[in-house]
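Good morning. I have one structure to go through today, and I will take it a piece at a time. Please have a look at it first.

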Amino acid sequence: MEVKMGETEAMEEQSIEELFDQLEDTIHKMEEEEVSLEDSFKLYHRGMDLLKSLNGRIDAVENQMLILDEEGETHEF
């Protein structure tokens, strides 16, 4: 398990769905019986980085969402 430089920048360019897929893949790798302790720590940190990136992306989407009221006017979420 090797963590590549620039991985954080690559996360910023991916869609939310792609990041969720990577997080799910990371979780599955952590659940494997033959994963070493060192690799477990690397996978844990990768998962935390993915969660931070996802949290920021979801917050940004929520801030862009608008609510339509009864009069047809929009308001921030």
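**Phe20 and its surroundings**

Let me start with one residue. Leaving out residues up to four places away in sequence, Phe20 touches Leu54 and Ile58. Phe20 sits in helix H2. In sequence, Phe20 and Leu54 are 34 residues apart, yet their C-alpha atoms are 7.7 Å apart in space. Is Phe20 itself buried, exposed or partly exposed? With a relative accessible area of 40%, Phe20 falls between the cut-offs of 20% and 50%, so the residue counts as partly exposed.

Before going further, a word on what we are looking at. This is a predicted model. The average pLDDT of the protein is 85, and 82% of the residues score at least 70. Confidence is highest in H2, at a mean of 96, and lowest in strand E1, residues 66–68, at a mean of 69. Please keep that in mind when you look at the strand.

Now the overall layout. The protein has three helices and two strands. Starting at the N terminus, their order is α-α-α-β-β. Of the 77 residues, 18% are buried. The accessible surface is about 6,200 Å², and carbon and sulfur atoms account for 52% of that surface. If we take the contacts with a separation of 6 or more, 54% of them are between residues 24 or more positions apart.

Next, the inside. Which residues form the largest nonpolar core? There are five of them: Met11, Leu19, Leu23, Leu50 and Leu54. Helix H2, residues 16–31, and helix H3, residues 37–64, are the elements that give two or more residues to this core.

Which residues does Gln22 contact, apart from its neighbours within four places in sequence? They are Gln14, Arg46 and Leu50. Two polar contacts are found here. The side chains of Gln22 and Arg46 are joined at 2.5 Å, and the side chains of Gln22 and Gln14 make a polar contact at 2.9 Å.

Last, the charged pairs. Side chains of opposite charge can pair when their charged atoms come close. How many salt bridges does a search of the whole structure find? It finds two.

One of them joins the side chains of Lys29 and Asp25, at 3.4 Å from N to O. Lys29 and Asp25 are four residues apart in helix H2, so about one helical turn separates them. Lys29 is partly exposed, at 34% relative accessibility, and Asp25 is also partly exposed, at 37%.

The other salt bridge is between Lys42 and Glu38, with the closest N and O atoms 3.4 Å apart. Both residues lie in helix H3, again four residues apart, about one turn of the helix. Lys42 is partly exposed, at 29% relative accessibility. Why does Glu38 count as exposed? Its relative accessible area is 52%, and the cut-off is over 50%, so Glu38 is on the exposed side.

That is what I have for today.

Methods:
Residues numbered from 1 in each chain as written. Predicted model: local features only at pLDDT ≥ 70, side-chain atom pairs only at ≥ 80, totals over all residues. Heavy atoms only, no water. Core = buried A, V, L, I, M, F, W, Y, C linked by side-chain atoms within 4.5 Å. Buried < 20%, exposed > 50% of the residue type's maximum accessible area, 1.4 Å probe, protein only. pLDDT = per-residue confidence, 0-100. Polar contact = N/O pair within 3.5 Å; in protein donor to acceptor, adjacent residues only side chain to side chain. Contact = heavy atoms within 4.5 Å. Salt bridge = Lys/Arg side-chain N within 4 Å of Asp/Glu carboxyl O. Areas by Shrake-Rupley, 256 points an atom, 1.4 Å probe, with all protein chains shown as cover.
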